[in-house]
Amino acid sequence: MNVFKFNLTKFIPEKNWFSKSPTQKSSSSNMDFLIRLFLIWLVLVMSSGGLIWRLYQLQIKEGENLATQAKQQQTYNFRPYIPRRSVVDSRGNVVALDKVVYTIYVHPNMLSESKEMVAEKIANILVDRDKNEILKLLNSRNSGVLLGKTISEDQGNKIRQLRIEGIDLERRYARFYPQGELIADIIGYVDTEHAGQAGIEHSQEKLLERDLATVQMTSFVKVKRDGQGAIIPASLPEGIVELDDLQLKLTLDLRLQRATRDALKNQLKQFNAKRGAVIVMDVHTGAIVALACEPTYNPNQYSLYDFALYKNWTVTDSYEPGSTFKPINVAIALDEGVINDRSMVLDAASTVIDGWPISNASKSGEGWVSITRAVETSSNTAMIHIVKKMGRVKYFERLQELGMNRLMGLDLPFEATGYLKPKEIFTARDIEPAVSSFGQGLSLTPLKLVQLHAAIANGGKLVTPHVVQGLVNAKGEIEVTPKRETKQVFSESSAKSVTKMMESVVAKGTGKVAQIDGYHIGGKTGTAQKHDGRGRYQANAKITSFVSILPTNDPQYVVLAVVDEPQGGNTFGSTVAAPIVKEVMNAIIRIKGIPPSYPIGLKKDKK
């Protein structure tokens, strides 16, 4: 029997049914490559499209706006500095002005000449600078070397004329005080930002700064900025600003100011005093024609001095005036009718008030004397007797009427008020009016004391002390004048009576040292103990002063000298302060041409 055999292996392929043939594999690889290429192309096309779109936005859509922003960032339009007005004294002498100076930058990497040659040329112009010092600076960095901030206009122009590439000069204004320390107490100074920090530079900022409404701007200044945003120096074009010709005119007379400061300096040196001040004021107008404080400072170099010197202490500091306040109390008493020119008062060697012993400086008394004699000898006990007649409340009210604890409205900054104890304390016991009768227990500024004595000299009117006349034009005509008040505080008859008493002080009393041949001079000495601020008086510290009226027959000026803590045994108002006032009065007579009260060389007329 034949058997059928089926060989299955013939039907099974030798390779896997699912594996690709070489032709198939090649086709698949090509496809993958094409896909990847397409994806890359697509990314490139999309990226390019995005860039093209962004460029369209930046260049076409926002191009103009972005160009404007770039220009704003790279350039800077600014209104140039408007110079402050100049300041002149009463005779037109310049005491403060803005002058052109240069700030000089050197860029060593841009120099058209060698550093050594540039250093030598600049040193020949800046005579206070050494060639080696300049060369060291030029070697310190490649660009932006600062050689100076306040190079004078003449020096700056000479450097510009060198025509050396790589040197930038920035033209600007700096405040300059030609008189140096002479009127520093009044003029003050401006800081590096041109802002007034003391004196009238601070208080009269509105008058010194030109109003933009009156300034004609012909154009704007355009400067470039560097990568860090700093302004690259550029010159200020000429004629860019048309300024008004107004100047701030003061009441000061530099001739008298110089004589006043010299007299004060010499006396402070002689007595080794802590400080001193002199004020000269027109009794009718309140115009201050001289005011000096020592020690002082140079406003051109203010940063080199103790900041305490920047203040004018005749305005900012109050003190107990001592016997120089006695004429004020006599005028009040005359006004109140408790005394008259013929009254007699008790000048005892000493007295006791509320348990407190009070004596005259001389430790002696003359008994019953006239009011004039009491003022001549500067009797403390007689003044207590006079003030007691008024009553505590009335006396307190009269002191308040004089503005003892109110501002005067000065045109100098940082004015301080005086000090008068509260009414309930002042009127509670007799001791408060008693010590106030001879100028202690209350305080005022030296300028306030001058104001009160001017009221005695001018017939009883309280005028406002001031140093500013106003704004004047090129013709000398005043265009702006500050308003000032006048107030009647003493009767004319009382003021005249006290003026005659003060004349007698110089003729026969403690003020003899102030006598000037040919002139009727009124005056009053003062020597007061200094308060320690804790309710006690210092035994070895005092303030000496002398106040005068020149001349008493036709009062024109009040002069006050105050010397703080003079050293030595013979330190009184008559020995320390009065000689200063006499020297200043002689200067006033010479400079202002004050005619004699009686023929010089003849015996003084006694009235």
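1. Helix α11 spans residues 326–336 and is mostly covered, with 9 of its 11 residues buried (under 20% relative accessible area; exposed is over 50%, partly exposed in between; 1.4 Å probe, protein chains only). Among the buried residues are Ile328, Val330, Ile332 and Leu334. Just after α11, Gly337 takes a positive phi of about 80°. Helices (H or I, at least four residues) and strands (E, at least two) are DSSP runs, numbered from the N terminus.

2. The model is predicted: local features need pLDDT of at least 70, side-chain atom pairs count only at pLDDT 80 or more, and totals for chains, interfaces and linings use all residues. Residues are numbered from 1 along each chain as its sequence is written, and side-chain values use heavy atoms, with hydrogens and water left out.

3. Arg85 lies in the loop between β1 (75–78) and β2 (87–88). Arg85 is buried, at a relative accessible area of 5%. Its side chain reaches the backbone oxygen of Leu207 at 2.7 Å.

4. The whole structure holds 9 aromatic pairs (Phe, Tyr and Trp rings, the six-membered one for Trp, with centres within 6.5 Å; planes under 30 degrees apart are stacked, over 60 edge-to-face, the rest tilted). Tyr189 and Tyr302 are stacked, because their ring centres are 4.1 Å apart and their planes at 25°. This pair links distant parts of the chain, 113 residues apart: Tyr189 is in strand β6, Tyr302 in the loop between β14 and α10. Both are buried.

5. Ring pairs join Tyr189, Tyr297, Tyr302, Tyr305 and Tyr310 into a cluster.

Note on methods
A polar contact is a pair of N or O atoms within 3.5 Å; within protein, one must be able to donate a hydrogen and the other to accept it, and residues adjacent in sequence count only if both atoms are side-chain atoms.
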